[in-house]
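Below is a short report on helix packing and aromatic pairs. Have the sequence and the model at hand.

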Amino acid sequence: MTKPIVKLVSEWTNFEDHYPGADIQSFCRYILSRPDAKAKKPRSETIGQLARIIGRLSSAYALYHRAAIEGMKLPASDSFY
């Protein structure tokens, strides 16, 4: 099994053969633009994850809010609406 650093140096050598005089920034762009680079999550997954987090935060807020209001003899926040 080849170590990652050896693979990186080999990739740099191959890149330099195809693009002589290229700098490290160009090499990084080349590596990141390849199809086998780690794929990003689709936008819909990211939005779904954000919605779940917001839902959990809202539930936690409601729980702690009810607990805080309970001892004050104030009406529940739902009665306001």
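L8, E11, W12 and F15 of α1 touch I24, S26, F27, Y30 and I31 of α2, where contact means heavy atoms within 4.5 Å. By class, this contact has seven nonpolar, one polar and one charged residues. Here Ala, Val, Leu, Ile, Met, Phe, Trp, Tyr, Cys and Pro count as nonpolar, Asp, Glu, Lys and Arg as charged, and the others, Gly among them, as polar.

This is a predicted model: local features need pLDDT of at least 70, side-chain atom pairs need pLDDT 80 or more, and totals for chains, interfaces and linings use all residues. Numbering starts from 1 along each chain as its sequence is written, and side-chain values use heavy atoms, without hydrogens and water.

The axes of α1 and α2 come within 11 Å and cross at roughly 110°. The two helices are therefore roughly perpendicular (65 to 115 degrees).

Rings of Phe, Tyr and Trp (its six-membered ring) pair if their centres lie within 6.5 Å; planes under 30 degrees apart are stacked, over 60 edge-to-face, the rest tilted. There are five aromatic pairs by this rule. The ring centres of W12 and F27 lie 4.9 Å apart with planes at 85°, so this pair is edge-to-face. W12 sits in helix α1 (residues 4–18) and F27 in helix α2 (residues 24–33), 15 residues apart. F15 and Y19 have ring centres 5.0 Å apart and planes at 40°, so they are tilted. Ring pairs join W12, F15, Y19, F27 and Y30 into a cluster.

Burial uses relative accessible area: buried is under 20%, exposed over 50%, partly exposed in between (1.4 Å probe, protein chains only).

| Residue | Relative accessibility | Class |
|---|---|---|
| W12 | 23% | partly exposed |
| F27 | 5% | buried |
| F15 | 5% | buried |
| Y19 | 44% | partly exposed |

Conventions. Helices (H or I, at least four residues) and strands (E, at least two) are DSSP runs, numbered from the N terminus. Axes are lines fitted to C-alpha atoms, for helices over the stretch in contact, and angles run from 0 to 180 degrees between N-to-C directions. Angles under 35 degrees count as roughly parallel, over 145 as roughly antiparallel, 65 to 115 as roughly perpendicular and the rest as oblique.
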